[in-house]
Amino acid sequence: MSEPKKGPLFLTNTLTRKKEEFVPLNPPFVGLYVCGPTVYSDVHLGNVRSFTTFDVLYRWLTHLGYKVRYVRNITDVGHLVDDVDAGEDKIAKRARLEQLEPMEIVQKYTNGFHDVMRLFNLKNPSIEPTATAHLIEQIGMVERIVKNGYAYEANGSVYFDVPKYAEKFAYGELSGRKIDELMTNTRDTEGMEEKRSPLDFAIWKKADAHHLMKWPSPWGEGFPGWHLECSAMSTKYLGQTFDVHGGGMDLKFPHHECEIAQSVAADGIAPVRYWMHGNMLTVNGRKMAKSEGNGFTPEELLTGNHKLLDKGYSAMTVRFFMLQCHYASTLDFSNEAMQASEKGLERMMKAIELLSKLKPGAVDEADIASLEQRCYAAMNDDLNTPVMIAELFEGVRIINSVNDGKLALTGPTIERLKQLFDAMVFDVLGLKKEEGALRQAQGDSAMDGLVGEFIRMRAEAKAKKDFAASDAIREKLAVLGIVLKDGKEGTTWERA
Ligand SMILES: [Zn+2]
C-alpha cells in the first residue's frame, strides 16, 4: 500500500498543547474515536459544529490516503443529569417525562441525530457502537481496574480511586488541573459517603429497585459510569493505544481525563496519541446552550423560526459559515455573518458551474499549481479551513477572470483547477449543491419583482395604519404558498 501523499500533516495535540506532526501508529491505517451524542434530546447547532470539525478531519485524512477507522459512539445509558455521579440518568429522566420506554427515547433521538448529520452532510462513522451493547466489555474493564488496585467496591457501586492513581500517574494532565485545586473545588454529591475521596468517580453504579436501565454484574444490579463506555469501546475497536481522540472542549474534564485514567489503570498504557478538542459556538458572545434559550435546533435555523434569527438559512450555508472559522477558535453566530456566508457560498458554487464552461486559452496566466499547494498547506496546518477557503476564493477570482476573457488558462490547467475545487469543496469541506437554494437564486427574479410589489403595498398600508389591508396581503400571499418574513433589513419572502 502506498504512503499517504502531500503531507506532512500537523495537528494541535491538547495533551502537549503543541502543534505536532501527525504520525500514525500503523500507517496507512488511522484509528479515530469521537465522543458521540447522549441521545435524550435534540442536537443543537453547537453539537453540529463539534461533529463537523471531526467530519472534516476524517475527510482530510481520507483524502491524504489514510485508511481511517472512524468510531463515534452513541451514549444510551449512564450519563447522569449533572454530568457527575449524581442525579437521574438523562435518558431515564426523559423517558419518565415523555412516558416512554428508555429504548424508545434512545431510538427517537438517535434517528433525529442521524437526520441532522445527513442534513449537514456529515459522513457516517465506520462503527457507531452503543453503550448498552457493550456491557460485557465495560464490566471487564471495571474488573481489570479493581484487580490492579485502582478502584474499590462500596455498597454495590465501584469507584475509581483518583488519589491512588495520582500517586503514580499524571491525573489532570490533559485538562491542566491539579489534584489539590480539584480537592478544594469539589462539591458534595450523591454517593459521597461511599467514596474514599471526593475526587473518586463511579465506574459502576448500583441501581435501586425502581431503576429502569440496569444489568447484572459481579457487584449486583447496576449500570456503567458515563466515562467508562468510551474507554471500553475505543479499546475494543481501535486497540489499547490509538491515534486520535476528538470531542468538544467541554468534554476535556472530567470525561476525557477519566478516560485516560481508566485505560491506564486497566491496561497500563496511555490510550490516545493525539487529543483534539473543538471550540464552542456562541451567540452574541454567550455559549450556545438549551438553558440559555439560544440553542437553535437545525429546524429553527432552516425555517428562521426563532427570535434571534432574521431569516432561515440552508444547511450548507451553516456548514460553510462554521468552516470559515478555525475549529480551535470560538465561533460567534450572527445574522450578518450568516448572510455573508450565504453570499460567499453562492459565489463559490456559481464559479464551480462556470468551470466546466470555460474556453481554454493558449497559455497559462495564473499559477494553479501554487494555488493547489497553498490549499494543501492550509489544511495540513492543523486543518486551517478558513485559510483554505480564502485560497479557494482566489481560485474563484481566477475562474471569473477567465470567464470574462481577462485571463487565459490552457485546457489541462482548467481541468486541474476543476479537480482542485471538486476535491476541496465537495470531498474535504463536505459542501454540496443545494437544488432549492440555487434555483431560488437563479430563477426567481420575476417572482422577486412581483412579490416585491406586494411587499411595497403592504408596507404602505402599514404606514397608514391600515392593518386590515396589510394583513389581507400577507394572508392572500400565504394562500399562494408565499411566506413573508419581517426582519431588521425589511421584508423577505420564501416559498412555503
Ligand atoms: Zn466519550
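I count two residues as in contact if their C-beta atoms, placed from the backbone, lie within 7 Å. The model is predicted; I took local features only at pLDDT of at least 70 and side-chain atom pairs only at pLDDT 80 or more, while totals for chains, interfaces and linings use all residues. Residues are numbered from 1 along each chain as its sequence is written.

**Entry 1: helix α10**

I looked up what surrounds α10. Its buried residues pack against α1, α3, α9 (298-303), β13, α11 and α13. Helices here are DSSP runs of H or I with at least four residues, strands are runs of E with at least two, and both are numbered from the N terminus. I call a residue buried if 20 or more other C-beta atoms lie within 10 Å of its own, exposed if 12 or fewer, and partly exposed in between; C-beta atoms are placed from the backbone. Nine of the nine residues of α10 are buried, so the helix is largely enclosed by the rest of the structure. I listed them as A315, M316, T317, V318, R319, F320, F321, M322 and L323.

**Entry 2: helix pairs**

Two packed helices are described by the angle between their axes and the distance between the axes. The axes are lines fitted to C-alpha atoms, for helices over the stretch in contact, and angles run from 0 to 180 degrees between N-to-C directions. Angles under 35 degrees count as roughly parallel, over 145 as roughly antiparallel, 65 to 115 as roughly perpendicular and the rest as oblique. For residue classes, Ala, Val, Leu, Ile, Met, Phe, Trp, Tyr, Cys and Pro count as nonpolar, Asp, Glu, Lys and Arg as charged, and the others, Gly among them, as polar.

I began with α10 (residues 315-323) and α11 (residues 335-355), which pack at about 105° with axes 9 Å apart. The two are therefore roughly perpendicular. On the α10 side I found M316, T317, F320 and F321, and on the α11 side A337, M338, S341, E342, G344 and L345. This contact holds six nonpolar, three polar and one charged residue.

Next I took α2 (residues 90-98) and α3 (residues 102-119), at about 100° and with axes 8 Å apart. This pair is likewise described as roughly perpendicular. I91, A92, R94, A95 and E98 of α2 meet P102, I105 and V106 of α3. The classes are six nonpolar, no polar and two charged.

V56, R59, W60 and H63 of α1 make the contact with A423, D427 and V428 of α14. I noted four nonpolar, one polar and two charged residues there.

**Entry 3: L409**

I then checked the loop between α13 (385-403) and α14 (411-428), where L409 is found. L409 is buried, with 24 other C-beta atoms within 10 Å. Leaving out residues up to four places away in sequence, L409 touches P360, G361, D364, E365, A366, V402 and I414. From L409 to D364 I read 4.4 Å, C-alpha to C-alpha, across 45 residues of sequence.

I looked at an open sheet of three strands, ordered β12-β11-β13 with mixed pairing. β12 (286-287) and β13 (331-333) stand at the edges with a single partner strand each, so one side of each has no neighbour in the sheet. Strands pair if DSSP finds at least two bridges between them. β11 (residues 281-283) and β13 run parallel and are joined by three bridges. T282 is opposite D332 of β13.

I found a cis peptide bond between P27 and P28, with omega about 5°; P28 lies in the loop between β2 (18-21) and β3 (29-34). Another cis bond joins F253 and P254, with omega about 0°, and P254 is in helix α8 (residues 252-267).

R17 is not a glycine, yet its phi is positive, about 55°. R17 sits in the loop between β1 (10-13) and β2 and is exposed, with 9 other C-beta atoms within 10 Å. N284, also a residue other than glycine, has a positive phi near 50°. I placed N284 in the loop between β11 and β12; N284 is exposed, with 9 other C-beta atoms within 10 Å.

**Entry 4: whole chain**
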